Amino acid sequence: MSAHAATAHGHATHEHHDLGFLRTYVFSTDHKMIAKQFLFMGLFMFVIGGLLALLVRWQLAWPETPVPGLAGILTETGGVLEPSQYNMAFTMHATIMVFFVIMPILAGAFGNFCIPLMIGARDMAFPTLNMLSFWTTFTAGLVMLAGFFVPGGHAAAGWTSYAPLSSVVQYTGVNWGQNIWCISLFTMGIGSMMGSINYITTVINMRAPGMSLFRMPLVVWSLFITAILLLLALPVLTSGVAMLLFDRWLGTSWFLPSGGGEPLLWQHLFWYFGHPEVYILILPAMGIASEILPVFSRKPIFGYHAMAFSMIAIAFLSWIVYGHHMFVSGMNPALGMAFMVTTMIIAVPSAIKTFNWLGTLWGGRIQFTVPMLNALAFVSMFVIGGLSGIFMASTPVDIYIQDTYFIVAHIHYVVFGGSIFGAFAAIYFWFPKMFGRLTNTALGHLHFWPSFVFFNLTFFPMHIIGVGGQMRRIYNPLQYEFLQHQQHWNVIITIGAIGLGISQIPFIVNFFWSMVAGKPAPLNPWNSTTLEWTAASPPPHLNWGPTLPTVYRGPYEYSVPEESADFSPQTQPPRAVAGARRH
Amino acid sequence: MLNWWLPENVSSFGGDIDWLFHLIYAITAITGILVFVAMGAFLVMYRDRPGRRARYTHGNTTLEIVWTIVPALILVVLTFLSVPAWSKIKMSMPPTDFVVEVNAKQFNWQVSYPGPDGKFGTEDDTLFLDEMHVPVNKPIRVVLKSQDVIHSFFVPSFRIKQDAVPGRAIQAWFDATKPGKYEWPCAELCGFGHSGMKGWVYVHTPADYEKWAAENLKGGGTAPAQEAKPKS
């Protein structure tokens, strides 16, 4: 392998030019180009998912009033969202955000970008499969978008698509939309499987000399564990949506009681996938925070092994907690009790991680760069999201808050406050390596601070209206007398959401402007220790020159007492070794 | 006492839920505040200043053990404290002779009371749409069914939520402690009419209930329902 890689580099620079436009930018097998493709796709979908969220928020704050700018599209109602369109909007908001924003950005883009560069590999183990993985996911995304244009509208049974609502056309009135939803997720599942096999193989087989498992950066650990979860969880969803499609098309009755099926089977399949999925969304962000906190605290990560093992523990436990989504579903209450125990236990590794992040800050020399601010936002928002999860873990409390806005608040603190701030941190942090240019710091602050404030303005009050009893997925809270008194919160939340949307404009400007006109990035702009910073910015095809880097130490050697620089790259031999070499 | 935005509780077991809610609220609020104070202090104390070098440490095993065990203990205690309420609400059924059947459909609650024969699904049943009448301080057993998709029986003031699943008859119960009229929404997405699918539960004093039953139920609601015999 290494012999091949070494000789291959001789051609690397030539190949890059010889490949032509199509093989370099479109059907590229270079992990860094595939990473960018995933990133662009994820960011594009982020805009669509975000606009759908604003539609939902408009309706909840000012029910049944014309949505500005929609009068031209919804001509029949003059811009007012109808209940079925509202259901479609929240269904597709969640579907797009989960499957086509967070997964492509965190697992797709940063998995592809970080794994080979940070373990010292020239590319993924299976570059062609990697390319296929992107184009499969891309196709799935196109198919999903096509669903907006079919008669009857897109899927409207929630991102969880509970059967039999999702399995019988008459129940929602949606025919092709739901079929397309199934087909797209089926395709996405196949794409993600290709990616995960690749990540796992690469991490196991292609680490540079000296890169032992416990010298791997935590973000690589997180992506490795995520890939294992993807490999094992996604096929369950893939089978589930196939069964759903069979019920819809072929007359089977997997989920239909009239034919002897069982609606709860869908929920078991969906959440058996769905809970590991939550960790698929958050683990890479945890890895990213674990990467960025030491760099800008100029300090080794606190409790490296505890960090790695707590992620492994989360990965194991994530398979046996899924029933907490089904406490009031009609599942045997004794099972509910068992799932409560496991759910309480899974909070422990998350707590360990939080305390270790705090330990990393303790005694550091903290630099408030834009990636650091986003990583700190990740940690603090994850704390809130984690703590609110304890309410749901307690089965009696969950009876009341299940299916209310409390859950919506919780999920958004975890996947927006957690995963999305993690994604922003990663984009700002690795942008110089990815595109060879620095991002604009002022625009970065202009993006971060309003985002952070509006994020909390949007999602914190959701706890309050949830405790007040507001159900998820209702079209108009004013239809309920017991919700009238808290409607002002819905208005505040929507104002927050609009602000949150506007706050993303500096990010878009910064992202594209820096890509073409940013200051050229030095090799190692953050004075970081990990391997990717030893490659050129941006790294060429096959990443390094004729020899691969050799790893001598752990990934977080900052402020080592005997050394003058406050960072000691993984490629730098420890003093004893260096001294021995001199003689 | 501050109610922390919870609607009024008028259910016999609602207090158990609210108590746990407030307990978790206190635990998480204290934890959250401690974490944020520590974090804020670290960010200020250890901000980058010229001439200072970061502390070189890879961790501390004692601390690691402490912050594994302490949260674990708190969560174990919380689990044990949650068990009795869960058993009471979902795993047991108080003996009662008052049974109603709720058959949910898109987008209504169909409520039936058994007639003098004490059986559901016979001609002497009395049917109501989106309204249920019950006496106060009496355990009410609800047999939950659905004829199409999944719905969820939710009465915020009773702190009760239970999905109605087609193909199943799921038993739930509540015991309302205060006469009044309580909103009864569906809490599970059930289609385009999900929003606004709601009914009212009327809780009457015993005398008022007798009067209502005599006027509205076939047979005057005198016969106890057969299904109501407690499970042996």
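The model shown is predicted: local features need pLDDT of at least 70 and side-chain atom pairs count only at pLDDT 80 or more, whereas totals for chains, interfaces and linings use all residues. Residues are numbered from 1 along each chain as its sequence is written, and chains are lettered from A and ligands numbered from 1 in the order in which they are written.

Figure 1. T529(A) counts as buried because 25 C-beta neighbours lie inside 10 Å. For this term, 20 or more other C-beta atoms within 10 Å make a residue buried, 12 or fewer make it exposed, and values in between make it partly exposed, with C-beta atoms placed from the backbone. Leaving aside neighbours within four places in sequence, T529(A) is in contact with P555(A), Y556(A), E557(A), Y558(A), F567(A), S568(A), P569(A) and Q570(A); contact requires C-beta atoms, placed from the backbone, to lie within 7 Å.

**Figure 2. The kink in helix α14 of chain A.** Helix α14 (residues 405-435) bends by about 45° at F429(A), shortly before the proline P432(A). The bend at a residue is the angle between axes fitted to the seven residues ending there and the seven starting there. Of the 31 residues of α14(A), 30 are buried. Just after α14(A), G436(A) has a positive phi of about 75°.

**Figure 3. The contact between chains A and B.** Chain A contributes 80 residues and chain B 74 residues. Several helices of chain A each supply at least two residues to the side that touches chain B, among them α4 (83-119), α9 (263-297) and α15 (441-467). The largest share of this side, 16 residues, comes from α11(A). The residues of the side of chain A that touches chain B divide into 48 nonpolar, 24 polar and eight charged; Ala, Val, Leu, Ile, Met, Phe, Trp, Tyr, Cys and Pro count as nonpolar, Asp, Glu, Lys and Arg as charged, and the others, Gly among them, as polar.

**Figure 4. Domain 1 and domain 2 of chain B.** An automatic or database domain assignment provides the bounds, giving domain 1 (3-91) and domain 2 (99-216) of chain B. Their centres, taken over C-alpha atoms, are separated by 37 Å. Nine residues from domain 1 of chain B and 12 residues from domain 2 of chain B take part in the contact.

**Figure 5. Strands β6 and β7 of chain B.** β6(B) (residues 151-155) is mostly covered, with five of its five residues buried. In a regular strand, side chains alternate between the two faces of the sheet. On one side of β6(B) lie H151(B), F153(B) and V155(B), on the other S152(B) and F154(B), all buried. β6(B) pairs in the antiparallel sense with β7 (residues 160-164) of chain B over five bridges, pairing being assigned if DSSP finds at least two bridges between two strands. The bridge partner of S152(B) in β7(B) is D163(B). The hairpin of these strands has four residues between them, and R159(B) there takes a positive phi near 55°.

Notes. Two residues are in contact if their C-beta atoms, placed from the backbone, lie within 7 Å.
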